[in-house]
Amino acid sequence: METMSYENRIALGNLVPTLGQFKVMDKIPQYQQCEVHNLVEAPAEVPEVLRHVVFNIERGQTLHETIDFLNMCPDLKNMDIIYANELDDGCARSGNKNTARELAQAFGLNYAWGLEFIELVNDENAKGFHGNAVFSRWPIRRAGVIRLPEQYNWYFDRQKRIGGRLAVFAELDVGGQPVGAVSIHLENRTHGEGRKAQMAAILEAVRKELPDMPLILGGDLNTNTFDGNDIPGFTALFNDPERLAKHMAAVEKYERVLPQAEENGFSYRAFSSIEGTRRKPMPGGKSMLLKLDWLMARGMECVDHGTVSTETKDCTWAEPGSALAKFTGPELSDHNACWADCRFAK
């Protein structure tokens with residue numbers, strides 16, 4: 001996407017307190033766009049099983065190591081569709097790179113990318129863009145963005161951003177069969193009812209945009225089972241492992257988005273991992289295992305699924321001499337990667 005000057009970004013951000021996020025976003029053409037790049041030819045044959053992975057890449061700050069992670073991990077090789085969250089374009093923290101394009105070129109995939117936030121706090125950002133994407137081994141016929149109801153205004157956060165949560169949808173051509181894929185990022189700074197309202201907007205949009213085809217929803221749903229703005233409550237849950245375990249054993253009791261999707265024809269239970277998918281850093285460096293990342297499908301059946309840890313100590317299969325093998329940080333992302341092998345429902 002075309003950039004804008006830092007001065008212009010700041011000037012537009014200064015309008016948020018009086019106009020609100022959505023009216024400011026209406027002034028920015030990039031928010032009305034969805035980048036679509038078909039970079040590779042379609043495979044010659046359609047396999048019986050399509051491979052999917054959900055991964056919050058945490059802005060692509062460990063881009064080369066993440067490329068190795070997806071290329072070298074035995075469970076993640078040869079993915080057909082990737083539902084990716086938090087991909088920078090022109091942010092200093094990730095080397096001012098277009099991380100979506102870099103990943104697509106590294107894996108030989110097509111991609112659709114939508115703008116979620118424009119970061120305002122760093123004048124070294126070439127663009128300051130940050131968003132979500134669908135990557136596909138198959139051609140993307142068309143794609144678009146689904147803007148979600150605001151549950152938190154990120155301009156007033158310490159990160160200070162223009163924008164809001166979104167989903168990116170794509171209609172894929174899988175050997176002549178249309179297949180829908182939607183990469184979702186729901187709000188963490190809210191409660192279950194807030195995420196339910198955002199999921200309702202997604203379900204309404206896909207009814208219009210992707211009807212009468214197999215359809216997979218994937219992404220970081222932030223189903224943490226508590227209000228993300230309630231820091232004392234969040235801390236109390238972390239310090240009560242028995243209660244936290246009960247929350248994670250029955251996420252659907254606290255997070256309406258899961259039964260909500262099921263009521264609308266999307267299965268999630270067969271895809272849900274018994275492992276957590278995020279290790280939220282806490283004071284003292286301890287980790288909080290949550291179930292945030294999900295795949296759910298209509299018109300497709302799960303054959304197999306799993307979760308792959310992004311903690312460096314667990315990447316024992318990294319090839320010697322690779323960027324991943326040389327990496328000394330504790331983790332590639334604050335999320336694990338979730339994968340599923342699916343076939344068309346009969």
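Colleague: What space lies in the largest cavity?

Modeller: Rolling a probe the size of a water molecule over the atoms shows where empty space is left. Here, about 50 Å³ of space lies in the largest cavity (a set of points on a 1 Å grid over the protein atoms alone where a 1.4 Å probe fits but cannot get out; the volume is that of probe spheres set on the points, joined across faces, edges and corners). The model is predicted, with pLDDT of at least 70 needed for local features and 80 or more for side-chain atom pairs, whereas totals for chains, interfaces and linings use all residues. Residues are numbered from 1 along each chain as its sequence is written, and side-chain values use heavy atoms, without hydrogens or water.

Colleague: How many cavities of 30 Å³ or more does a search of the whole structure find, and which residues line the largest cavity?

Modeller: The search finds two such cavities. Lining residues (an atom within 4 Å of a point) of the largest cavity are Gln21, Phe22, Met25, Pro149, Glu150, Gln151, Tyr152, Gly163, Gly164, Arg165, Glu187 and Gln198. Helix 3, residues 21-25, gives the most to this lining, namely three residues (helices are DSSP runs of H or I, at least four residues, and strands runs of E, at least two, numbered from the N terminus). By class, the lining of the largest cavity has four nonpolar, five polar and three charged residues (Ala, Val, Leu, Ile, Met, Phe, Trp, Tyr, Cys and Pro are nonpolar, Asp, Glu, Lys and Arg charged, the others, with Gly, polar).

Colleague: What space lies in the largest pocket?

Modeller: The largest pocket holds about 740 Å³ of space (a pocket is an open set with protein on both sides within 12 Å along at least five of seven lines). Its lining comprises 30 residues, of which Gln159, Asn188, Arg189, Arg278 and Lys280 are the closest to the pocket centre. Strand 2 (50-59), helix 7 (231-238) and strand 11 (278-281) are the elements that each give two or more residues to that lining. The lining of the largest pocket divides into nine nonpolar, ten polar and eleven charged residues.

Colleague: Which residues of helix 4 and helix 5 meet?

Modeller: Leu63, Ile67, Leu70 and Asn71 of helix 4 meet Thr99, Glu102, Leu103, Ala106 and Phe107 of helix 5 (heavy atoms within 4.5 Å). Six residues of this contact are nonpolar, two polar and one charged.

Colleague: What does the secondary structure of the chain come to?

Modeller: The chain has eleven helices and 15 strands. Along the principal axes, its C-alpha atoms fill a box of roughly 55 × 50 × 50 Å.
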